[in-house]
Amino acid sequence: MDDLYREVIIEHYKNPGYRGKLDPHDISFADNNPLCGDHIQIDLRVDAGGVVTDARFDGHGCAISQASADLLIESVIGKPLEEIKKLNKDDLLELLGIELGPVRLKCALLSLKVLKAGVYGLGEASDSLVE
Amino acid sequence: MPMSLNIKEIRKDFPILERETQSGVRLTYLDSTATSQKPLQVIEAMNDYYRRSNANIHRGVHTLAEEATAMYEGAREKIAKFINASSPREIIYTRNTTESINLVAYSWARANLKQGDLVILTEMEHHSNLVPWHMLQAERGIELDFIPVTDDGLLDLEVYKALLKRTPKLVSFTHMSNVLGTINPAGEIIRLGHEVGAIMLVDGAQSVPHLKVDVQALDADFYAFSAHKMCGPTGIGALHGKSALLEAMPPFMGGGDMIKEVKLRSFRPNTLPHKFEAGTPAIAEAVGFGVAVDYLTKIGMDDIAAHEHEITSYALERLEEIPGVKLFGPSADKKGGVAAFTLEGVHPHDVAQILDRDGIAVRAGHHCAQPLHEKFSIPATSRASFYLYSTKEEVDLLVNGLYKVKEMFG
């Protein structure tokens, strides 16, 4: 079987561990991938020390974008915000364990862009956040 | 009586259809609605133009300039004839359908529409026939209203008739939907609009490649289309306009070729069609456009339409058999060669990606028709589309591929 749809991706897509919303939350942000309409919202709870204590994502999109969001959320719980600010494209691809062409890369990176835009308190999830 | 096409011979004209997308996997190209493939005749004509005749047009008197001008203008004559325009002067070269619509929005509409004027569009428009009007709305305060799409993918003409009572200044609609495939009753829509004095603009990006279009019989005021969807090159399209309207319109872009005379502080615009063609145009592309029209004419638009109908009927029938597949748009008798669908539990991007591994090229997304997808409460669809070179075997490959996708996400 090919790498792109290796079992872990399909599994996280079909049975995500962190899909949902957090209410109350300290940080919430959502954005779309204009190319395909994929949508991701991310909610975070953060303690006084700036560490993420809980996180969820919600939205719709392809297996790559949704599995990537689930894996990303799983990885950031327990991390300080300062560390999240440093995450980039390569960290996410390592998490996914696959190689992606330019179009599908955007699907994979949407959750990281949304996460970082939320952490930085920006109005829009731009590409420059993950380069 | 339409003849069935000799697909084997036709496919020989499209060398790209023989290529492999990866070792041992031959291309199955089902994305002609996005752009068609190009026959050797077009590729070679453009190549020959650059090898033998390349020169700038209209101003030069040397042999090559004369030759290039004749080829550029000759192509315009062929295109005019292809859609039965009353004169080649009514064919304005543009970059594509989008630019043709923008030409009307910038030139005609900005000269003729004021705050509060109504423009009627439809819910099935491509973004290219929405955004220019959104921009004009922001600038001018025009009003927009929309002919709704019924659940089976047709325009609701009863609502259209009611909208016409508000005397729109312009009605702009697609002749054939790029997602649903719906072939709209353009003649009737135009006749009804004309009864209340509206100017009628038709987005013909999908219709001109696939149907016999007669702009005089339709009585369209403006008709926009692109070469690249009809076996021609990218980078060139056309706007057909009735000459009385085009004569009265201000130029769209300023520069060389569109002028009769220039002084330091003023200019006089050129006559039609040059008034709207500023700067050095896409000459090789115009040549290719003309040859594409020759190619389609030689095969015959009625036969092409009949072939596509046969393939589309077969595709809809086969796709419908697959559990979890939901098709969008009307039945085969009311649509062109497009099958947009969703597969339950699998995002269209994943469908397209997995099909690609078998060399099958389909499109996934909102196909530049986001409002239409919102109407059907879906973020995206997968879309297979067919043209004169498509075969039933390719439909079978698509269906087999979809079963594989289902298995993977099972």
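Start with one pair of residues: K326(B) has T342(B), in β14(B), as its bridge partner. This is a predicted model, so treat everything here as computed.

That pair belongs to a strand pairing. β13(B) and β14(B), residues 338-343, run antiparallel, joined over 4 bridges. Now widen the view. The open sheet around them has 4 strands, ordered β13-β14-β17-β16 in chain B, and its pairing is antiparallel. Which strands stand at the edges? β13 (325-328) and β16 (363-365) of chain B do; each has a single partner strand, so one side of each lacks a neighbour in the sheet. On average, neighbouring strands of this sheet are turned by 30 degrees against each other, direction ignored.

A helix covers part of this. Helix α12 of chain B, residues 348-356, lies across β14, β16 and β17 (381-385). Against β16(B), α12 runs at about 160 degrees.

Next sheet. This one is open too, with 7 strands in the order β4-β10-β9-β8-β7-β5-β6 of chain B. Here the pairing is mixed. The edges are β4 (91-94) and β6 (143-147) of chain B, each with a single partner strand, so each has one side without a neighbour in the sheet. From one strand to the next, the twist averages 20 degrees.

Look inside that order. Strands β7 (170-174) and β8 (199-203) of chain B run parallel, and 5 bridges join them. In that pairing, T174(B) stands opposite D203(B) of β8(B).

Now the core. The largest nonpolar core has 153 residues, and V202(B), V287(B) and A292(B) touch the most other members. Which helix gives the most to this core? Helix α10 of chain B, residues 283-299, with 11 residues. The core draws on both domains of chain B: at least three residues come from each of domain 1 (7-30 + 301-409) and domain 2 (43-298).

Take V202(B) up close. Leaving out residues up to four places away in sequence, V202(B) touches F173(B), H175(B), A186(B), A220(B), F222(B), Y223(B) and A224(B).

Last, the whole chain. Chain B has 14 helices and 17 strands. Its radius of gyration is 22 Å, close to the 22 Å the globule rule gives for 410 residues, so chain B is as compact as a globular protein of that length. Along the principal axes, the C-alpha atoms fill a box of roughly 70 × 55 × 40 Å. Buried residues make up 49% of the 410. Of the contacts between residues at least 6 apart in sequence, 70% join residues at least 24 apart.

Notes
Residues are numbered from 1 along each chain as its sequence is written. Chains are lettered from A and ligands numbered from 1 in the order in which they are written. This is a predicted model: local features need pLDDT of at least 70, side-chain atom pairs count only at pLDDT 80 or more; totals for chains, interfaces and linings use all residues. Helices (H or I, at least four residues) and strands (E, at least two) are DSSP runs, numbered from the N terminus. The radius of gyration is taken over C-alpha atoms; the globule rule is 2.2 Å times the number of residues to the power 0.38. A residue is buried if 20 or more other C-beta atoms lie within 10 Å of its own, exposed if 12 or fewer, and partly exposed in between; C-beta atoms are placed from the backbone. Two residues are in contact if their C-beta atoms, placed from the backbone, lie within 7 Å. Two strands pair if DSSP finds at least two bridges between them. Axes are lines fitted to C-alpha atoms, for helices over the stretch in contact, and angles run from 0 to 180 degrees between N-to-C directions. A nonpolar core is a set of buried Ala, Val, Leu, Ile, Met, Phe, Trp, Tyr and Cys residues joined through C-beta atoms within 7 Å. Domain bounds come from an automatic or database domain assignment.
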